[in-house]
Amino acid sequence: DESESENRLDGETASDSESKSEFGGSSPVPTSDDTPEVLNRALSNLSSRWKNWWVRGILTLAMITFFFIIIYLGPMVLMTIVMCVQIKCFHEIITIGYNVYHSYDLPWFRTLSWYFLLCVNYFFYGETVTDYFFTLVQREEPLRILSKYHRFISFALYLTGFCMFVLSLVKKHYRLQFYMFGWTHVTLLIVVTQSHLIIHNLFEGMIWFIVPISCVICNDIMAYMFGFFFGRTPLIKLSPKKTWEGFIGGFFSTVLFGLLLSYVMSGYRCFTCPVEFNNDTNSFTVDCEPSELFQLQEYNIPVLLHSVLGWRTVRMYPFQIHSIALSTFASLIGPFGGFFASGFKRAFKIKDFANTIPGHGGIMDRFDCQYLMATFVNVYIASFIRGPNPSKLIQQFLTLRPEQQLHIFNTLKAHLVDRGVLASLEDA
């Protein structure tokens, strides 16, 4: 009847109500922002709309400042922060599931969830260590053994958790326990895999880490600003406050911002060079000869724009062209990560994932778009940028047995002679 349908959330169907009654009907209490008392007193005379604007603005500036600080502290601190953010995001999502189904006292639910997080992180970070710290791994006997059998150890750890889950099954909760098993694994897929890709992007060069993240931040800020001052047309039902004016304004602002930020950062080796581990000093280095991506090139401007701009050519870094693709994705597709998160929150009747950041919600509320962006950047680099890494090939070559090295040498020599490369070198 009408009264029953009015009591449901927007988009909730009859089957949703039945599932809710089957699984207890309890839902998390909507989170509230823990705004600092100092801000509450300072902004007490403002309306709730403008108070929220100032709280969000002040906390946004604080987060941007923190972002600059961790960039200054270097790659190791960045990787540690990514790891901490990943754990906090996982905690927020798992806590929602626990709050929904806590009345059933599911055995080992949270224990198994954290155990699977440990297993997946061991697998991914072990792969990263083997890939980027190959020489260090080969130098230390324990690390060499762990690296050699890494995938087998990872699989054994996962099987242990799988068996623990099967042993924890209770007859009256079979369906619910499998729901939560799937919940944990989808969370791992979304959070852990994406954070692993962020670290891979970082090793390609700080610029591949900073520019995409900054574009998402810029789009979020500018879409909010344009929507706040000019927003009139709703964009999507999942996020009622999102407007077309904010979406379009955020797009053009982000593309312009990406071009300018890329131009500034492309001139510094500390941002453009791949992050590599120096085995002699046991530290990270970011010193190299800049690739063609980060060397100024002259481009012809289309004839149609000659009269408008008054230029025939323009000097810019090739990376700036790639930044257009990154900023376009950040402003057109990236927000769908936020829409996905909004749908998730509406499904469980919560405003935010947590109340960690006043005016912004939880950590997951700030990183819902970043994870989608990380995947795109990783795929983009693999598809259009990255080529074979000679230093890694040499490292692997040096670990082979002498007869294997000799076989590769003779094969490579014959190949170069056939192509005429080796002969030209000898003539020279």
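This is a predicted model: local features need pLDDT of at least 70, side-chain atom pairs count only at pLDDT 80 or more; totals for chains, interfaces and linings use all residues.
The side chain of Asp365 reaches the backbone nitrogen of Phe353 at 2.9 Å. Residues are numbered from 1 along each chain as its sequence is written, and side-chain values use heavy atoms, with hydrogens and water left out.

Asp365 sits in helix α17 (residues 363-385). Helices here are DSSP runs of H or I with at least four residues, strands are runs of E with at least two, and both are numbered from the N terminus. Is Asp365 buried or exposed? Its relative accessible area is 4%, so Asp365 is buried. Buried means under 20% relative accessible area, exposed means over 50%, and partly exposed lies in between (1.4 Å probe, protein chains only). The Asp365 side chain also makes a polar contact with the side chain of Lys345, at 2.7 Å. A polar contact is a pair of N or O atoms within 3.5 Å; within protein, one must be able to donate a hydrogen and the other to accept it, and residues adjacent in sequence count only if both atoms are side-chain atoms.

Ser195, in helix α10, is buried as well, with 1% relative accessibility. Its side chain and that of Gln86 are joined by a polar contact of 2.9 Å. Leaving out residues up to four places away in sequence, Ser195 touches Val82, Gln86 and Tyr371, where contact means heavy atoms within 4.5 Å.

Helix α9 covers residues 150-168. The expected span is 1.5 Å times one less than the number of residues.

Which residues of α9 are buried? They are His150, Ser154, Gly161, Phe165 and Ser168. Looking down the axis of α9, these buried residues fall within an arc of 65°, so they line one face of the helix; the arc is that of the directions from the helix axis to the C-beta atoms. An α-helix has 3.6 residues a turn, so residues three or four places apart point the same way. On the other side of α9, Phe152 and Leu167 are exposed. The cover over the buried residues of α9 includes α6 (109-132), α8 (141-148) and α10 (174-203).

**Rings that meet**

The structure holds 26 aromatic pairs. One of them, Phe165 with Phe178, is edge-to-face, at 5.3 Å centre to centre and 85° between the planes. Rings of Phe, Tyr and Trp (its six-membered ring) pair if their centres lie within 6.5 Å; planes under 30 degrees apart count as stacked, over 60 as edge-to-face and the rest as tilted. Phe165 belongs to helix α9 and Phe178 to helix α10, 13 residues apart. Phe165 is buried at 6% relative accessible area, whereas Phe178 is partly exposed at 47%.

**Spans from the record**

UniProt (unreviewed entry) places "transmembrane region" features at positions including the two below. Its positions are given in the numbering used here, feature names are shortened, and annotations may be inferred rather than shown by experiment.

| Span | Helix | Strand | End C-alpha distance |
|---|---|---|---|
| residues 108-125 | 94% helix | 0% strand | 25 Å |
| residues 205-231 | 93% helix | 0% strand | 37 Å |
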